[in-house]
Each structure stands twice: as structure tokens, then as C-alpha cells.
Amino acid sequence: MGDAEGAGITGTLRSESAWVTVTDDQGVFGDIPIDAQGENDTDRFALQIASDCYPGHVAAMELCLEFSGGARDTVVWAMTVGAASTDDPTGPDGYGYYAFDNSDVEYEYAPTYDWIEIDPVWGGEGTSVGLDDFGEDEDDSRTVALPFPITYYGQTFTEATICSNGWIAMGSTYLTNYRNWIIPGAGAPPNMIAPMWDNLRQSGNDQVYHWFDEANHRYIVEWSRLRNMEGGDTETFQAIFLDTAHHPSPTGDGRIIFQYHTFSNSDDLQHYSTMGIQNADGSDGLLYGYYNYHNTAAAPVAAGRAVQFVAFDEVPRGLLSGSVTNATGGGTPVPQAHVQVVELGSVLTSSGDGVYGGSVPVGTYTLIATHPSFTPDTLADVPIVEGETTVRDFALHDVGGPRFEGTTDYAGTDDTVGPYEIETTVVEYSGCEDLMLYYSLNAGDWVGVTLEEVRAGQYAAEIPGQPAGTVIRYYLYGRDVADNIGTDPENAPVGTYLFCILDEVFSDDMEDGTGTWTHEVVTGGYVDQWHRSSQRSYSGDWSWKFGDTGSDAYATHGDGALVSEPFDLPGDGLLTFWHWIEAAWWYQGDVALDGGIVEMSVDGAAWEQIHPSGGYPWELTQNQDWGTPFDPGIPLYSGEQDWEQAEFELSDIAGTARIRFRFGSDQMAWPYYQGWFIDDVRLVGGGPDLSAARELELMPSSIALHANRPNPCRRGTDIGFDLPQAAPVRLQILDVGGRVMRTLLDARLPGGHHACSWDGLTSNGDVAGSGFYFYRLEVGDQRRARRLLLVR
């Protein structure tokens, strides 16, 4: 068909599918007149379908047409092979994922339903994810570290976000989507894995749990006995992630299994539920079920159903596997080592037992094994043969000292008795010879204390109690069996941890009468309801309350302040108190209508609001029609909150000060909100100028260029460097040939510790390819350079 006659048309047919082979690729169409169509009925193409091809498989085909006049045209289309039934896998999506359920018994990847109970209430070994969703509109999600890397839609992840509403998103997201939609689509979070996406909630110990089954190399997330918000039915199901180092897949993407213990698709109000998977931007995905309907090949979800998602591609592949061990430490496993297939830019990561593995296209490759604590190792000319397993092992030499993580970082304390316990986690692959805590009092000599193991990998040491005003510096030191040194901070003893023993300035547990507290109306025409109350307290029997003297609601048009006595604040200080609050808020927009703030006056100046560490949790409504005494939009305490300790860092504040707790309410009456309770107020301060001491303490003694983190990197990496004094600085990325790919920094900087990020782009904005790069620091006439590995 068209506006010109086609003469002498011939065609060549090609298949992009490994399951569809063109055995006769030549066809003759002859002449086709204008506005007509033709067939190659006298010279047909011939195809052969592999015996293991899945019914419903979508094969990419290409037909190249040639005309006698020399013109050419190419037609690309998708050809569906056969028709799938419920005994066949569902799929594929555009990436190549199929879903096999436990009724697809004729297929290799059909799972067997085998419930793995991880809820400890029911005898499992899992732990709660810690989600805070126990009712309407409390949807919650939390990002967790994965016990092994998981590749999903070709991207490797080390963390995932688990949501109470029956889904997981690979990577980190703040989303908590409760209303389910079709897959693929824009209504889902990126990289979604949805065993049962619906509006669910926890109840008591019926929560979302997770567990790393190390013996069987799998990570399990279980939604245990959750309630469906529509109808209250109980739902119990789980997602199981298999470690590809021990459970290979055709493409290296991790295999994922859904299992359903108890299933009630009862939410007829909001689309029932959604089951399936989806990629990052919502352009591709595999839908198993939605709106109480299932795909043609999908066996309906019910109790006892298992579904496994496996990705395939059209490239012949073999398996690459092996182990990464520590040659320095007697052949012990090296976890989290990266084995890069250089020509592909892909990376396989070793698991806790040092084993790595995955599917790799047929070919000959160079492999590089890297780990931040070890020297790299390279193997060349590694063959990958279709259908076979190639084993290559690496033995790396330890060149990194002990690494300290999560070290206790003391703030100021008024404890003069002590001891001050310093805890840390030590990561060392070859064994430690020395682990020490060194501390110094008021810039005196260093005193060494041995770090003792208190739990597996956890170490602690104590600094004895000291009088108020003492400045304590400390750092950690470690040496392994190969004499590699590690310290925390990394530049110790030039840089150290630092804290001071503070004086107590003010303290009241509210048990001895009104004390020196006063209370007053702040704004004329409003009311003050502050009074001592035995209705509830954090400690003892008494607290201060703004609200009714009984358990009725606080008054409308309230603006009262509970005011402290004057006290001398000689410098840095820390204000803490415990509080309990019930104050009105508006559910549309989650804004506060009433609530409380903390204010301070220094040397008789005007009262000013001060802010807690981490900020106030609410903002006041912008609506001024209801007569609130506060400015619109100010941050404050509001809502419903059980007893919680608040902390206010009072930095660089000196003089005679007073604090006040101020509660305000508008003209709207709320019959069930009780108000604000305050207990156990405490203020400590009076230490030396720690900011100046820390600045001097942490100033580098020499130029240093640090290892980039992470390394290898996929999308970006951070580069740190030190300057002992102000100087002109240039930081550049170079390829292995020494050509400048990007100038990250070219400026004069002050002395100190600095960091800069590289996003993996060149100076032209192009994406840099996989491989090794150098980053070079120039400070005046001095240069430092290090190597990084970028993988895509």
C-alpha cells in the first residue's frame, strides 16, 4: 500500500528472539501496484520455534524490503508465539520478566508453595520492620539495607523501601501509596514490587517483618496478619528475594517469589488489590492481577499460591561464579567484593560467604575483583560458554587497616561521676593485633585503654568521670595482623572526637510545688490555663499542664505562658524536657490549629521562639479567620503525642535568660483534646568554647586526597580532601589516557576538610562509560591522584 508502485520486491526476515529461528529468510513479493497489498505466497519464509519457547512469548522481528529500483525499507514488529493458558507463565514485559505460578508445573521456574513463617509470634525468626501504620491515614514506609545486592530491571540495589500497604520499592523512597492502580503506570512508586498493593494496616504484633535466611541465601519480607482497611479482613503474604550468587537467573536479575498464606481480595471500594512488578519510571512492568481480574496465563491468587518472577533476554548466556577470599587472612571469605566484567561494565558482588555469581552473555572477558580494604586482582581471557558454568576464584591481599563504624560521639554531659563508655563496631578481615581507645584531658598527654569485645564485632572502652569544665578528646586506633593501621577519625590524632563536662544550670522535676515558675496571659483577651497537675506525669506524681483542671478539653482563645526563673547562661547549653500533648489539627493538609512553642528572653530582650533539634513536627495553619494568637505558618508542637523528650541546643547564647512554654488555641472548641503537659525540665551549660576547640582540633596538618566513596560507583561518588591552610585548589576527573573529562572544582578554599561530588558526567554533560578513571587534586604546585571505578 502507498502512493508509488513497488516493483520486484524481495524481503529478508530476521528474528531477535533466541526462541525463534528463521530457517528460510528470503521471500519474494513481486510487483505491488499503488494502493494495493501483496504477499510472498509463492516464496514463503520459514520459522522454527524452540521446544522450550513459552506460549504467549513476544518475539521481536525485522523484515528488510528491497525494491528493483534500489530503494530499501525496514519493518519492525512484535510477533506473539502461540496462546498462553493458566498452565503457562505470564508475560513477558518489555524488559523480559515472566511470572511463573505454582500451577505452571511443566516449567523449570515454576515455584513450589512452601510457606516460610518469620513472624516471631508464630515461631519465626524475623524482626519487625518498624512501620508505624496502625490505623486510617497512618500509611508508613521504611528504607532498609539489603543483606546482599539485588539486581532489578538491570539496576543493582543495596537498599529497599518496605511499605505497610503491601509493596516494596527497590532503593529509597518517602512514598507510602495506599491506593492501588494498574501496572505499569504513573500511580506507583519507582521500582515497585507488589505482592498485594492495597490499603492495609498493622494491629498489635501483627506487623510487617523481615529476615535474612543466611543458610538458604534469601531475604524474606512478610506482611503478617495485616488488616484490610476495607472490611477488616486478614491478609498474610510474603516476598522472597533470592541471592543470585547462589540462585542464578538467566540475566543476573534477582529472582523474586510471592507466597500467599491468607488472601482476601475484599477492597471493592478502591480497585481491590494489585499484584505485579514495575520499573523505575512506570514505562514497563508485568501485571499479574488488578481489580479482581488476572492475566490470561495467571492462576488466580488465593491461599497456597506462589508466583516467581524471572527475567529472560534474547542473548545466549552462560554462568560465571566463584569465590573471593582473603589471602592475608588464611583464605577467609571476603563479602561485598565487586567482580567487574570489564567489557560489559556489569558487576557481580560477593555475598557473606565470599561467593559471587550470575548470568553473563557468551564471550571472552576480563574480570577485576575489587574491595576497599584489598588490592585488586585481574583475570584475563575468561570464556563464557552457552549453557555452561565458568568458575574463577580470587585471592586478595589485605591492605586496609581496621575500620570503625558507629563510634559513640558524645555531646556535652553534666555527669561528673562517669565512666563515659565509648562503643564502636570494628570491621577487619584478617584479624586485629591492637584495638585501643586514646583520650586526653584538657590537651594533656594521651592515655590508652584497650577496646574490649562486648558482642560479636562490637567493642567498648571507658573514660573515667571528670569534673565540670574538663575538655575530653578521644580517638580509636587499630592494627591488623598485616600491620595495616586504621584510626577513627581517619586523620587522628590530629582530628579527634571532643566533648566537655558541663555544669547544671537549672533543673525541676515539678514535685516540690510551684517552685519559681510563674504563669501569665501573653495576649490580652485570651486565657491562661497553666497549673500543676497530678493527672499525668513523666516521672513522680506531678507536672505542669495547660488545659482544664480535670480531663475536659482546654479552653478556646488560649494564650498562656509558663515562665522560668532567671538564670545565668554563660555559653553553650542544652535544654531538655519531657512533654505530652493533645492539640487540635486539621486532617486536610495535616496542619495544626492549636499547639505549643518554647521561647527565650536574654538580658531582658523580647521573647523569641527557639527550635528543638530536628525542628518542630507541625506547622500552624495559614488561616487566620479563627483567631489564633500565633503567626500563621509557625512551626510548633501539636497533634497527639505520648511522652517524649525534647532537646534544644542553645549555642553561643550568654547572659541572664528565661524560658517559657507557650500554648495557644483559637476560637474553635474541640471536646476531646486535653492540652500540653510539661515535666522534668533541665538545662546544662557553662562549658568552654567547644566550637573554637573543635575547629582547632580538626584542622588538617597536611594536604590529603581521600578514597572516593562509594568505589566502585554507579551514578555518583563523593571525593574528600584536606587543606592545612587556605590555597587555590583544582579537582579534576581524568580518563586512563590522562585526558581531562571534567573539572569539578577550581577555586580558592579555606583550610579544613572538604568534599566534592562527581555525578558520572563529562564536561559536555555526557554519561561517562564504565571503566577506571583518575581524580587529581592540585593545590598550588602540589598534586595528589587516586583511581576510581565507574560501572554502569
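Hi everyone. Before we start, please note that this is a predicted model, where local features need pLDDT of at least 70, side-chain atom pairs count only at pLDDT 80 or more, and totals for chains, interfaces and linings use all residues. Residues are numbered from 1 along each chain as its sequence is written, and side-chain values use heavy atoms, with hydrogens and water left out.

So, how many salt bridges does the structure hold? There are 22, a salt bridge being a side-chain nitrogen of Lys or Arg within 4 Å of a carboxyl oxygen of Asp or Glu.

Let's look at Asp-559 and Arg-662, a pair whose closest N and O atoms are 2.8 Å apart. These two link distant parts of the chain: Asp-559 lies in strand β44 (residues 559–563) and Arg-662 in strand β54 (residues 655–664), 103 residues apart. Strands here are DSSP runs of E with at least two residues, numbered from the N terminus.

Is Asp-559 buried or exposed? Asp-559 is buried, at 0% relative accessible area, and Arg-662 is buried too, at 10%. Buried means under 20% relative accessible area and exposed over 50%, with partly exposed in between, using a 1.4 Å probe and protein chains only.

Next, Asp-735 pairs with Arg-739 at 2.9 Å between the closest N and O atoms. Here Asp-735 is buried at 9%, whereas Arg-739 is exposed at 55%.

Finally, Glu-778 and Arg-776 form a salt bridge with closest N and O atoms 3.3 Å apart. Glu-778 is buried at 12%, and Arg-776 is buried at 17%.

Elsewhere, salt bridges with shared partners join Glu-520, Asp-559, Glu-599, Arg-660 and Arg-662 into one network.

Technical notes
Helices (H or I, at least four residues) and strands (E, at least two) are DSSP runs, numbered from the N terminus.
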